[in-house]
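This briefing covers one predicted model. It is grouped by topic, with each term defined where it comes up.

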Amino acid sequence: MGYTLTILGCGVMGQAILSAIYKAQKAPSETKEYYPSKIIACNHDDSSVQQVVDLVKEMGESPNGIEVEVTHSHNDEAVKQSSVVLLGTKPYLAEKVLDGVSSEINGKLIISIVAGWTIEQLQNYSSNVSRIMTNTPAKYGYGCAIVSHSTECTETQKFLVKELIDQVGICIELPERNMDAATSLVGSGPAFVLLMIESMTEAGIKMGIPYKESLQCSLKVMEGTTKMVELSKQHPSVLKHQVCTPGGTTIAGLCKMEDHGVKSGLINGFQEAADVAAKLGQKK
Ligand SMILES: NC(=O)c1ccc[n+]([C@@H]2O[C@H](COP(=O)([O-])OP(=O)(O)OC[C@H]3O[C@@H](n4cnc5c(N)ncnc54)[C@H](OP(=O)(O)O)[C@@H]3O)[C@@H](O)[C@H]2O)c1
């Protein structure tokens, strides 16, 4: 008999995580216990409930036999039935939603994806807290999630979080002091990479390649380069220099980009996003 997982606020990210857990491959007996037998998705109104109902219908049966119930206006009742609660509301609503379930949530494991909410703040509601920063590619199983746990979390709870959140792509544990950086690198990262894809595609168009082929080439170059770094296990700068023929095209392009501060622009952009994340955290 498994446990019940309640998702408080099942919007873009909540649905991405719900789908990843629901569609996870059939777990072997050693990890089966980490999967819920039931997920209760709690939203705000009929229309956001319907979105989740449609999503579950589309996915067909769960390989791990997970049952999903979707409700609104019954957050406290759902939390009462569950031993694990995933908080997926927008940051400005988190306090109101947590206050509404405070009598039921104490003593349960809270997994929070809410940006800017620290473990200490979440511990006002329960001492066992896992704080997560993830990103939108999670919707397609290519997400990256950074997790930090409160010291009260048990090893079993940490395994459970890793097993569930790994389903969005990859789940990496880091100390909470890295969360603002993770918010930038992982949370904002897709927008910065999209800017690069957009720029590459437009460069292709400027040089006469049609949009469709230019986008195809840009995506494959991104994917291929990522795989090359991963599989070769070489430092990116080593691989970069391997394609720089003396007096050739690549070094010419790289020097031009350097003139325009592309590398420092990227580093400063990530830093700026982390600084804003830190300030947002201080505001509460
Ligand atoms: N989107 C991203 O790229 C991203 C990346 C990293 C982290 N995050 C974090 O993920 C969290 C969720 O973001 P999101 O983009 O998924 O937001 P979202 O799509 O707005 O999802 C939030 C959900 O909470 C529901 N909700 C509102 N009030 C509620 C209540 N009283 N009880 C239960 N549910 C309620 C909303 O329903 P209604 O739609 O009906 O209001 C909505 O379905 C945020 O805290 C954000 O910091 C997001």
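Residues 5-116 are 46% helix and 21% strand, with the end C-alpha atoms 23 Å apart. Helices (H or I, at least four residues) and strands (E, at least two) are DSSP runs, numbered from the N terminus. UniProt, in an unreviewed entry, places the feature "domain: Pyrroline-5-carboxylate reductase catalytic N-terminal" at residues 5-116. UniProt positions are given in the numbering used here, feature names are shortened, and annotations may be inferred rather than shown by experiment. Residues are numbered from 1 along each chain as its sequence is written. The model is predicted: local features need pLDDT of at least 70 and side-chain atom pairs count only at pLDDT 80 or more, while totals for chains, interfaces and linings use all residues.

**Second annotated region**

- The unreviewed UniProt entry gives residues 176-279 the annotation "domain: Pyrroline-5-carboxylate reductase dimerisation".
- Over residues 176-279 the chain is 83% helix and 0% strand, and the end C-alpha atoms are separated by 15 Å.

**Whole chain**

- The protein chain has 13 helices and eight strands.
- Its C-alpha trace spans about 70 × 40 × 40 Å along the principal axes.
- Of the 284 residues of the protein chain, 32% count as buried. A residue is buried if 20 or more other C-beta atoms lie within 10 Å of its own, exposed if 12 or fewer, and partly exposed in between, with C-beta atoms placed from the backbone.
- Among contacts in the protein chain between residues at least 6 apart in sequence, 67% join residues at least 24 apart. Two residues are in contact if their C-beta atoms, placed from the backbone, lie within 7 Å.

**Domains**

- The domain assignment gives domain 1 (4-174) and domain 2 (183-283); such bounds come from an automatic or database domain assignment.
- The contact between them takes 10 residues from domain 1 and eight residues from domain 2.
- The side of domain 1 that touches domain 2 has five nonpolar, five polar and no charged residues. Ala, Val, Leu, Ile, Met, Phe, Trp, Tyr, Cys and Pro count as nonpolar, Asp, Glu, Lys and Arg as charged, and the others, Gly among them, as polar.
- The C-alpha centres of domain 1 and domain 2 are 32 Å apart.

**Ligand surroundings**

- Of the 26 residues around the ligand, Gly9, Gly11, His44, Ser48 and Ala115 come nearest. A residue is near a molecule or strand if its C-beta atom, placed from the backbone, lies within 6 Å of it.
- The elements that give two or more residues to this shell are α1 (12-23), β2 (38-43) and α5 (91-100).
- By class, the shell around the ligand has 11 nonpolar, 13 polar and two charged residues.

**Asn75**

- The annotation "binding site" in the unreviewed UniProt entry covers Asn75.
- Asn75 lies in helix α4 (residues 75-81).
- Asn75 counts as buried because 24 other C-beta atoms lie within 10 Å.
- Leaving out residues up to four places away in sequence, Asn75 touches Leu8, Cys42, Val97, Gly100 and Val101.

**Helix α8**

- Gln157, Leu160, Val161, Leu164 and Ile165 are buried in helix α8 (residues 155-165).
- They cover an arc of only 110° around the axis, so they are on the same side of α8. The arc is that of the directions from the helix axis to the C-beta atoms.
- These buried residues of α8 pack against α1, β5 (109-112), β6 (129-133), β7 (143-149) and β8 (169-173).
- The face of α8 turned away from its buried side carries the exposed residues Glu155 and Thr156.

**Selected positions**

- Asn178 is in the loop between β8 and α9 (179-206).
- With 15 other C-beta atoms within 10 Å, Asn178 is partly exposed.
- Asn178 and Ile146 are 32 residues apart along the chain, and their C-alpha atoms are separated by 9.1 Å.
- Gly189 lies in helix α9 and is partly exposed, with 18 other C-beta atoms within 10 Å.
- The C-alpha atoms of Gly189 and Lys26, 163 residues apart along the chain, are separated by 31 Å.
- Gly248 lies in the loop between α11 (236-242) and α12 (249-259).
- Gly248 counts as exposed because it has 10 C-beta neighbours inside 10 Å.
- From C-alpha to C-alpha, Gly248 and Tyr22 are 50 Å apart in space, and they are 226 residues apart in sequence.
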